[in-house]
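Q: I would like to learn how the features of a structural model are read. Could we work through one example together?

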Amino acid sequence: MGNVYVFDHPLIQHKLTYIRDKETGTKEFRELVEEVSALMAYEITRDMPLTEVTVETPVTTAKCKVLSGKKLGLVPILRAGLGMVDGILRLIPAARVGHIGLYRDPETLKPVQYYAKMPSDIGDRELIVIDPMLATGGSAAEAISRIKEMGAKNIKLMCLIAAPEGVKEVQKAHEDVDIYVAAVDEKLDENSYIVPGLGDAGDRLFGTR
């Protein structure tokens, strides 16, 4: 069973409060999401392996640490996941970015893929699948399944807010995927919105309704 990590860092929790606030406008909302995404990326990469190298400083030589091991890839779930990418890239500019788009069929209520483009070497990368909201978990679970079919072997899921129902759905479908969130909220309402949540992340990011 994949683990669930809730980041309680004071800066993350402080900024998440203003992300939730319905009075926060589109520009500020977008900036806050990017900032929290960067802070979460800092935490999610804490266990990345290092190797020792020698560099020349202006004074002498020094033994220092650089990242080693697998390269990173980011996969935002369209469209709301796009709002988190730039914040992470500012911290990890060498990461490659894939994209996957899903919509919910109005009759079957099941996610349907309409777009997917991945780095050619995703099997050699540690992938972070990104979506601000983990509500029912259906879209995230389907996105991870499709990415695995394309050759991904090492996947993490990163969301701002999750509902317990969504966490359980992803854990049931993908026991090997760890989930990283800033908060696990109370529940889903009758319309599958997270309560208390933050509303529709895509609409708030892009100023649509």
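**Reading strands, a loop and a pocket**

A: This is a predicted model. In it, strand E10, helix H5 (residues 164-173) and strand E11 form a β-α-β unit that is right-handed.

Q: Which way do E10 and E11 run relative to each other, parallel or antiparallel?

A: Strand pairing is read from the bridges between two strands. Here E10 (residues 154-162) and E11 run parallel and are joined by six bridges. Within E11, Asp 178 has Lys 156 opposite it.

Q: Which other strand pairs with E11, and over how many bridges?

A: Strand E1 (residues 4-6) also pairs with E11 in the parallel sense, over three bridges.

Q: How many residues of E11 are buried?

A: In a regular strand, the side chains alternate between the two faces of the sheet. As for E11 (residues 178-184), five of its seven residues are buried, and the strand is mostly covered.

Q: Which residues does Ala 80 contact beyond its neighbours within four places in sequence?

A: Such contacts show which parts of the chain meet. For Ala 80 they are Asp 131, Pro 132, Ala 201, Gly 202, Leu 205 and Phe 206.

Q: Which residues does UniProt list under "binding site"?

A: A record can be set beside the computed geometry. The unreviewed UniProt entry lists Ile 194, Gly 199, Asp 200 and Ala 201 for this feature. From this set, Ile 194, Gly 199, Asp 200 and Ala 201 belong to the lining of the largest pocket.

Q: Where does Asp 200 lie, and what does its side chain reach?

A: Asp 200 is in the loop between E13 and helix H6 (201-206). With a relative accessible area of 30%, Asp 200 is partly exposed. Its side chain reaches the backbone nitrogen of Gly 202 at 3.0 Å. Not counting residues up to four places away in sequence, Asp 200 touches Arg 79 and Tyr 193.

Terms used:
Residues numbered from 1 in each chain as written. Predicted model: local features only at pLDDT ≥ 70, side-chain atom pairs only at ≥ 80, totals over all residues. Heavy atoms only, no water. Buried < 20%, exposed > 50% of the residue type's maximum accessible area, 1.4 Å probe, protein only. Helix = DSSP H or I, 4+ residues; strand = E, 2+ residues; numbered from the N terminus. Pairing = 2+ DSSP bridges. Right-handed = clockwise from strand over helix to strand, strands pointing away. Contact = heavy atoms within 4.5 Å. UniProt positions renumbered as here; feature names shortened; annotations may be inferred. 1 Å grid on protein atoms, 1.4 Å probe; cavity = no way out; pocket = protein on both sides within 12 Å on 5 of 7 lines; lining within 4 Å. Polar contact = N/O pair within 3.5 Å; in protein donor to acceptor, adjacent residues only side chain to side chain.
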